[in-house]
Amino acid sequence: MPGLPESVPYKRSHIDPLLKPVQAFMAAESAGGILLLLAAVIAMVWANSPWGDAYYAFWHAKAGVAFGDYSFKMSLEHWVNDGLMVIFFLVVGLEIKRELMTGELASMRKASLPVAAALGGMIVPASIYALFNVGGPGAAGWGIPMATDIAFAVGVVALVGRSIPIGVKVFLLAIAIVDDLGAVLVIAVFYTSKISVPALGVAACFLAALVLLNILRVHRPAPYLLLGVGFWIATLFSGIHATVAGVLLAFCIPASRQIEDLGYMDYVSRMLKIFERDATAVPDAITEEQSHVLHSIQHATQAVQTPLARVEHALLKIVSFLIVPIFALANAGVDLRQGAGAAMESPITWGVALGLLLGKPIGILLMSWLAIQSGLASLPAGGTWKQVVGVSLLCGIGFTMSLFVANLAFPGSTALLGETKVGILAGSLLSGVIGAWVIARASKQKVVAE
């Protein structure tokens, strides 16, 4: 059984030895990034193969539901981007809320460095892109190079920077989370289509119901998720991008517990004594009272965790190992055989690529230096400036979020999207390779010095 320590005396399945490599891979920090890279490579190979037309035909095929004369259909690509990615943004929202309440963004002192770095890492890339595209057909894409792909960045650190201090890794995660928050705000404010007032009113009613659940201290995740589906559908029809519903839903899910640690330990201890009494009296059989004890411990174990943590834990692997790779498979494919020449001459391609490769590290390093020099912040615990440089370069891996914003900036424009994707792939690849090299050298020098 995955997740249980070896010392637990349960009867093992004959297929456990076969599952161990899979379990070890899924537990690795780099696993999500590796799967994401694999999906992107498959998409690129498929789109540039003799079966390239089938790639576009598959993702543009319509699917949906019909009720009598009414039908609602979208392309498979849209179902991924407007449907599955809502779950991705729900997890993003949960991470943001957790960090704001108990993590690196919970206090001004803790938050000052990653917030300053993230702001620089959003403003400078957007400015570089705007310099290339102001007044042109690509002007709407200024938000594309702003965000960081957390799965790729963390995966690279896990592969090449194993000796990096935990403070530097936390710094990277905090920047990425603030980046994601910035991207959500940009999507909500600048990439929203025409508003449908009736649908927006329905969405507001669902949101009010979700807030009411929180106020009433409803701790079961199911009511939030059921109302969340209605909230997503109403938001989808309102004109506001549906992924915003995922973040707002996350902020409604409670981050408080029903039982504190000491109360939980005392309760479970008393229950285990009852279990032990019956185990001695009736060995090798579960009595009715023991069954009741097990259910009680299960409920207490859920109550000692916040609903936020439970939902995040339940969805994290689904997002990392299924939803984000499917998104990459649906969006990373671009036919380089026809559009490579035009892309290399396009200000959109150069704006995105240089925004990620140069804008990200310049903005992050400049704002980090200012925050530290002003006394508002200090270097991450145990970290060096070389490691911060490496992290700032890795933040130029914008892959998932950049592709997502690109679809909003240039809806239905195959040519502009193709040029954008080339810039995203080039900028992200170079940022990842150079950042990995800097991180690896910085880690090696630190080990030698110690």
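**Notebook: a helix pair and salt bridges**

I looked up where α7 touches α16: V168, F171, L172 and I175 in α7 meet Q387, V388 and V391 in α16 (contact means heavy atoms within 4.5 Å). By class, this contact has 6 nonpolar, 1 polar and no charged residues (Ala, Val, Leu, Ile, Met, Phe, Trp, Tyr, Cys and Pro count as nonpolar, Asp, Glu, Lys and Arg as charged, the others, Gly among them, as polar).

The model is predicted: local features need pLDDT of at least 70, side-chain atom pairs count only at pLDDT 80 or more, and totals for chains, interfaces and linings use all residues. Residues are numbered from 1 along each chain as its sequence is written, and side-chain values use heavy atoms, with hydrogens and water left out.

Next I checked the axes (lines fitted to C-alpha atoms, for helices over the stretch in contact; angles run from 0 to 180 degrees between N-to-C directions). Those of α7 (residues 166–190) and α16 (residues 385–394) come within 10 Å and cross at roughly 30°. Helices here are DSSP runs of H or I, at least four residues, numbered from the N terminus.

Then I searched the whole structure for salt bridges and found 7 (a side-chain nitrogen of Lys or Arg within 4 Å of a carboxyl oxygen of Asp or Glu). D266 pairs with R270 at 3.4 Å, N to O. Both lie in helix α11 (residues 261–281), 4 residues apart, about one turn of the helix.

I also noted R277 with E289, at 2.9 Å, N to O. R277 lies in α11 and E289 in α12 (residues 288–303), so this pair ties together parts that are 12 residues apart in sequence.

Last entry: R98, E99 and E312 are linked in a network of salt bridges.

Notes: Helix = DSSP H or I, 4+ residues; strand = E, 2+ residues; numbered from the N terminus.
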